[in-house]
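Subject: Structure handover

Hello,

Here is the structure I promised to pass on. My notes on it follow below.

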Amino acid sequence: MSRANEKKKALILKLIVFAVLSAALLISLIWQDKINAALGLTGVEENEYDGMNTDAVLSGSGGDLNLHFVDVGQGDACIVELPDGRNMLIDSGSSDRDDKLISYIDENIKDDDGKTIGGFDIVIMTHSDEDHCGEMADVLGRFPAKEAFYRPNQEATRSGFSDPGKADLYGNYNGKSTKAYAEAIGAGYAGGAKGIVTNALDDSQNVIAPENVARGEEGYYEINFYSPVKDSYGDYNNYSPIIVLEYNDNKVALSGDAEKEAEADFVEKAKAGEGRYAAFTEEFTVQAIKLGHHGSRTSSSEDYLETMTTAASRKDVRIIISCGKDNKYGHPHAEVMERLEKMGFSDDNILRTDINGSIAMSIKFDEASGEYALFVGADVVRVDTAVGFGAVKLTWFEIVIVVIILSAIIMFVMPLLTRKRRR
């Protein structure tokens with residue numbers, strides 16, 4: 001056999017071995033999640049959160065007022081159980097085949113008889129983005145809005161759909177034609193609830209409070225809408241209301257996806273301090289803030305955070321971020337996390353649904369202090385571990401790619417380079 005034929009056979013053998021090896025490794029990627037778990041490459045959960053867990057906060061009857069920031073992936077959904085027995089839903093997250101929000105409601109939101117609730121007394125849809133209203137139709141199909149349905153000042157202009165609340169829109173409003181928004185609007189009115197177009201300057205609808213309970217009496221709470229203060233915005237996120245929920249001197253700020261423009265409008269009103277905005281004195285502080293727009297750099301401006309807190313209170317203020325694990329937007333953005341640190345918020349008080357899962361808060365009487373206090377519960381911190389080479393961490397997918405590349409170099413590139421040197 002000639003030397004040329006031997007080289008040809010050796011090359012063919014290498015190609016066969018390389019092809020079989022590469023095919024086997026690539027096929028193994030079908031089961032990469034199971035392989036990662038089996039080899040301890042990723043998804044290992046360690047209980048590093050040293051606060052109360054969600055079950056502990058909600059055990060028994062929970063508090064007088066409970067908030068649930070539900071882990072719906074890259075989106076927003078919040079449920080509020082109010083002292084007078086009413087239940088409120090704020091947004092629904094994206095359309096979800098797994099029905100995570102519906103499952104959470106089934107498991108955790110009960111009536112006085114311990115049965116799953118039949119609907120929500122109050123529903124707030126902050127704005128028309130799919131990650132806030134995409135699951136609304138399915139959720140309200142099971143748990144309809146019964147008393148009030150708050151919606152943005154934006155017409156649902158989907159072809160073939162007639163917005164049932166169009167007559168209540170005000171000023172120079174615009175429209176949105178997505179299927180998700182049209183279906184959410186339709187579902188909001190379907191349960192018989194009164195449709196209310198969110199408007200912080202309309203004194204007839206900008207405060208939610210219990211019936212037959214006066215300010216200062218036991219069980220009194222307020223949910224105040226402080227934005228939007230304009231009838232139209234170019235960025236649909238800015239239709240999101242800035243809300244402060246208050247119960248027994250404990251306050252929580254919620255703001256959907258309100259961005260810097262809407263925040264600036266609110267801050268201007270707060271600094272002027274006229275009417276309802278006189279509440280925002282130099283001593284005003286909330287005990288918790290759900291960051292706007294999933295922790296995006298376009299929200300949670302320094303002026304907004306300064307208006308909602310004092311320099312002395314920030315180390316104790318809880319920060320909630322609702323975002324999806326490994327989301328494509330990079331939420332929360334590094335600039336926001338750096339801003340929080342610079343302003344004096346404690347890293348220990350920052351909780352995220354992508355890390356901690358669903359997060360619960362409860363405002364209830366604290367026997368230790370003799371006062372009402374805000375209790376917060378979260379689940380384990382999800383710590384992703386992987387095979388490490390210094391600062392480089394590899395999962396099974398990355399290992400497969402590296403092995404294929406190294407095999408090609410060893411089998412083909414290095415012998416070629418060696419022959420060239422010999423010549």
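L26 sits in helix α1 (residues 3–28). Helices here are DSSP runs of H or I with at least four residues, strands are DSSP runs of E with at least two, and both are numbered from the N terminus. L26 is partly exposed, because its relative accessibility is 45%. On that scale, buried means under 20% relative accessible area, exposed means over 50%, and partly exposed lies in between (1.4 Å probe, protein chains only).

L26 belongs to a nonpolar surface patch with F397, I401, V402, I405, L406, I409, I410, V413, M414 and L417. Together they have about 920 Å² of accessible area. Helix α12 (residues 396–422) gives the most to this patch, with ten residues. A patch takes residues with over 30% relative accessible area and no salt bridge; nonpolar side chains (Val, Leu, Ile, Met, Phe, Trp, Tyr) are joined within 5 Å, like charges within 9 Å. Areas come from the Shrake-Rupley method with a 1.4 Å probe, and for residues only the protein chains shown count as cover.

Before you go further: this is a predicted model, where local features need pLDDT of at least 70 and side-chain atom pairs count only at pLDDT 80 or more, while totals for chains, interfaces and linings use all residues. Residues are numbered from 1 along each chain as its sequence is written, and side-chain values use heavy atoms, with hydrogens and water left out.

The overall picture

The protein has twelve helices and 21 strands. Its C-alpha trace spans about 100 × 60 × 45 Å along the principal axes. Of the 423 residues, 49% are buried. Take the contacts (heavy atoms within 4.5 Å) between residues at least 6 apart in sequence: 70% of them join residues at least 24 apart.

Charge

There are 44 positive and 68 negative side chains. The centres of the two sets lie 16 Å apart. Lys and Arg count as positive, Asp and Glu as negative; His and the chain ends are not counted. Each charge is placed at NZ of Lys, CZ of Arg, CG of Asp or CD of Glu.

Where does negative charge gather in a patch on the surface? Look at E338, E341, D347 and D348. D348 is in the loop between α10 (334–343) and β16 (350–352). This residue is exposed, at 64% relative accessibility.

Salt bridges

The structure holds 17 salt bridges. Each is a side-chain nitrogen of Lys or Arg within 4 Å of a carboxyl oxygen of Asp or Glu.

R151 pairs with D163, with the closest N and O atoms 2.8 Å apart. R151 is in strand β6 (residues 145–151) and D163 is in the loop between β7 (154–156) and β8 (174–176), so the bridge ties together parts twelve residues apart in sequence. R151 is buried, at 0% relative accessibility. D163 is buried as well, at 6%.

E222 pairs with R215, with 2.3 Å between the closest N and O atoms. E222 is buried, with a relative accessible area of 10%, whereas R215 is exposed at 62%. Salt bridges that share partners also join D84, R86 and E147 into one network.

Most residues other than glycine have a negative phi, and most peptide bonds are trans. Here are some exceptions.

S227 and P228 are joined by a cis peptide bond, with omega about 5°. P228 lies in the loop between β11 (221–225) and β12 (243–247). Another cis peptide bond joins H331 and P332, with omega about -5°. P332 is in the loop between β15 (318–321) and α10.

D91 is not a glycine, yet has a positive phi of about 65°. This residue is in the loop between β4 (87–90) and α4. Is D91 buried or exposed? D91 is buried, at 2% relative accessibility. H294 also has a positive phi, near 60°. H294 sits in the loop between β14 (288–290) and α9 (302–308), and is buried with a relative accessible area of 1%.

One more residue

A182 is in helix α7 (residues 179–190). With a relative accessible area of 5%, A182 is buried. Beyond neighbours within four places in sequence, A182 is in contact with A156, R158 and F161.

Best wishes
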